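Please open the model in your viewer and keep the selection panel at hand.

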Amino acid sequence: MAFLEITDLTKRYGAETVALDGITLSVERGAFVVIIGPSGAGKSTLLRCINRMIDWGSGEIMLDGVAVGALAGPALRRHRSRIGMVFQHYNLVNRLSVLENVLHGRLGAMSSLAGVLGLYSAEAQQEALRIVQMLGLEPQLYKRCDQLSGGQKQRVGIGRALIQNPALLLCDEPIASLDPNAARVIMDTLAGINRTLGITVLVNLHQVDVALRYAGRIIGVNQGRVVYDGPPAGVTRDHIAMIYGAEADELLIERQVTDVAA
Amino acid sequence: MLPREYLLRRRVWAGIGLAVIVALASGASWLTDFDLARALRAFPEAAGWAVANFVPDAAAWRRLPKILDKLNETILMAVASSTVAALFALVFAIAGARTTAVHPWAGLVSRGVATVFRNIDVSAWALILLFSFGQSAYTGYLALFFVTFGFLVRVMIETIDEVSTDSVEALRATGAAYTAIISQSVIPACLPRMLSWLLFMIETNIRSATLVGILTGTGIGFQFDLYYKSFNYPAASLLVLVVVLAVLAIEVSSNAIRRAVL
């Protein structure tokens, strides 16, 4: 059985909006999977089902042999603590320091009382320092996060996920709010984490070119369905058209042409 | 429709609006026998009377210790009622805010309770409470407490939903417990704004407490009432002067606190 098994997952918002329409896929341990699709295709919903930030209608998710749908209470918290999550808008507590925001990743593994008081162990503090150094944020360690650039904030977000010592990293549009340079740094960081730490990474993107460059495997989603699942090399113009619609395809082709000309 | 017609129509509507306001104002004045011209003409005369009579004399200055004592009592009551109300409001706001709701209905209950407390004016509360508590400091304290509580629940709910939604989602995703999320994310993110609102309410309550004191027979408001009704205008004027200075001093210090925290 694969590390992550999603079977016939369906999720509706209200009576009419179908976010996920029978998604079935499996992911091997250590994979780097990029999910692409237009806004509203269900990419975010899919990621948030995996760590049960939202509940779904029918279907099942198995992570490492555990049925995610049946989890509740402390077991659900333990499940979430094994999955790191990185957000488009970083979702940091802006008034707190880089150190504190990274340490927040340990709250899931702490007792309620220690969590309330913010009593992080010496080991956690050491680990936070190591991760901050690894991400190149040491000069900013005690800086408040509202003083950081977007790219630095996102690295703090990644640090918060890494200190959880996660088996799986879910990244929801991690570069959508960043300039191209910062975006490249973040994607390189995620690829490095996948390669050196062996953490399975699932990334939602809407930049097809970035997806094709970094992904070990592409999953194309449109209107809550998987319309492509395979290696980046196998993605054709027809697939892009199926994922994004015909007009987007023309746009992309045009850009590739100008790329070649440049 | 031509631009000329559109602009003409806009001007006609503006004219109609202005006419309605003028009609309402003159209608209300006519019904209540209010004569704006006479009120304005009476102004210099009133000012002259105030200058002639509202001057602290030597006898008034001898009453200063008593006035300061009453002022102290009033300020302490305002501070005590505001801060205790803020603590209660924080609990209700956390329970009721969408981001941190303990139950989908909690927001409705919390907002409903706050609306009732807020929309009954502080003087109305004082009159209602007079029946049960009589003319005592309790009546004033509770009247201020209720109104402050109602107001702060509302602004705190808005603050929580505005400021901390993203970071709460991130901490939920790490598997952190509810109490840890509140103490590590909601409180640090919202504290400056909440404190700012509390300071605002303390300022407001010092002014309100003076008025409420007239009704409840306590504090500086009652002292003013006594002097005024016994035609001791010099003492009354000194009292007003002291209150104005106190309000200004409180405003300056609360601004300093705000700057330090933000």
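## A helix pair in chain B

In this predicted model, begin by selecting α9(B) together with helix α11 (residues 233-261) of chain B, which pack at an angle of about 175° with their axes 10 Å apart. An angle over 145 degrees counts as roughly antiparallel, and α9(B) and α11(B) are therefore roughly antiparallel to each other. To see the contact itself, show the side chains of α9(B) that take part, among them Pro192(B), Leu195(B), Leu199(B), Ile202(B) and Ile206(B), and then those of α11(B), including Val243(B), Val247(B), Ile250(B), Ile257(B) and Val261(B). Charged residues are found on both sides, with Glu203(B) and Arg207(B) among those of α9(B), and Glu251(B) and Arg258(B) among those of α11(B). Coloured by class, the residues of this contact divide into 11 nonpolar, 3 polar and 4 charged.

## The nonpolar core

Next, select Ala89(B), Ala93(B), Ala143(B) and Leu152(B), the residues with the most contacts inside the largest nonpolar core, which has 141 residues. The largest share of this core, 16 residues, comes from helix α9 (residues 178-216) of chain B. Which residues does Leu152(B) touch, leaving aside those up to four places away in sequence? Centre the view on Leu152(B), and the partners to display are Ala85(B), Ala86(B), Ala89(B), Trp197(B) and Met201(B).

Is Asp161(B) buried or partly exposed? With 19 other C-beta atoms within 10 Å, Asp161(B) is partly exposed, because a residue needs 20 or more to be buried. Apart from residues up to four places away in sequence, Asp161(B) touches Ala97(B), Arg98(B) and Thr99(B). A distance drawn from the C-alpha atom of Asp161(B) to that of Leu24(B), 137 residues apart along the chain, reads 39 Å. Colouring chain B by its domain assignment gives domain 1 (3-53) and domain 2 (58-261), and the centres of these two domains, taken over C-alpha atoms, are separated by 35 Å.

## Where chain A meets chain B

Now show both chains and select their contact, which takes 23 residues from chain A and 18 residues from chain B. On the side of chain A, α2 (73-81) and α4 (112-117) each supply at least two residues, and α2(A) gives the most, with 4 residues. The residues on this side of chain A divide into 8 nonpolar, 11 polar and 4 charged.

## Inside chain A

The contact between them takes 13 residues from domain 1 of chain A and 12 residues from domain 2 of chain A. On the domain 1 side, α2 and α7 (180-197) of chain A each supply at least two residues, and the largest share, 5 residues, comes from α7(A). That side divides into 8 nonpolar, 3 polar and 2 charged residues.

As a last stop, select Ala19(A) in strand β2 (residues 17-27) of chain A, which counts as buried with 24 C-beta neighbours inside 10 Å. Its contacts, not counting residues up to four places away in sequence, are Lys11(A), Arg12(A), Tyr13(A), Gly42(A), Thr45(A) and Gly224(A). Ser44(A) is 25 residues from Ala19(A) in sequence and 9.4 Å from Ala19(A) in space, C-alpha to C-alpha.

How values were computed. Residues are numbered from 1 along each chain as its sequence is written. Chains are lettered from A and ligands numbered from 1 in the order in which they are written. This is a predicted model: local features need pLDDT of at least 70, side-chain atom pairs count only at pLDDT 80 or more; totals for chains, interfaces and linings use all residues. A nonpolar core is a set of buried Ala, Val, Leu, Ile, Met, Phe, Trp, Tyr and Cys residues joined through C-beta atoms within 7 Å. A residue is buried if 20 or more other C-beta atoms lie within 10 Å of its own, exposed if 12 or fewer, and partly exposed in between; C-beta atoms are placed from the backbone. Two residues are in contact if their C-beta atoms, placed from the backbone, lie within 7 Å. Axes are lines fitted to C-alpha atoms, for helices over the stretch in contact, and angles run from 0 to 180 degrees between N-to-C directions. Angles under 35 degrees count as roughly parallel, over 145 as roughly antiparallel, 65 to 115 as roughly perpendicular and the rest as oblique. Domain bounds come from an automatic or database domain assignment.
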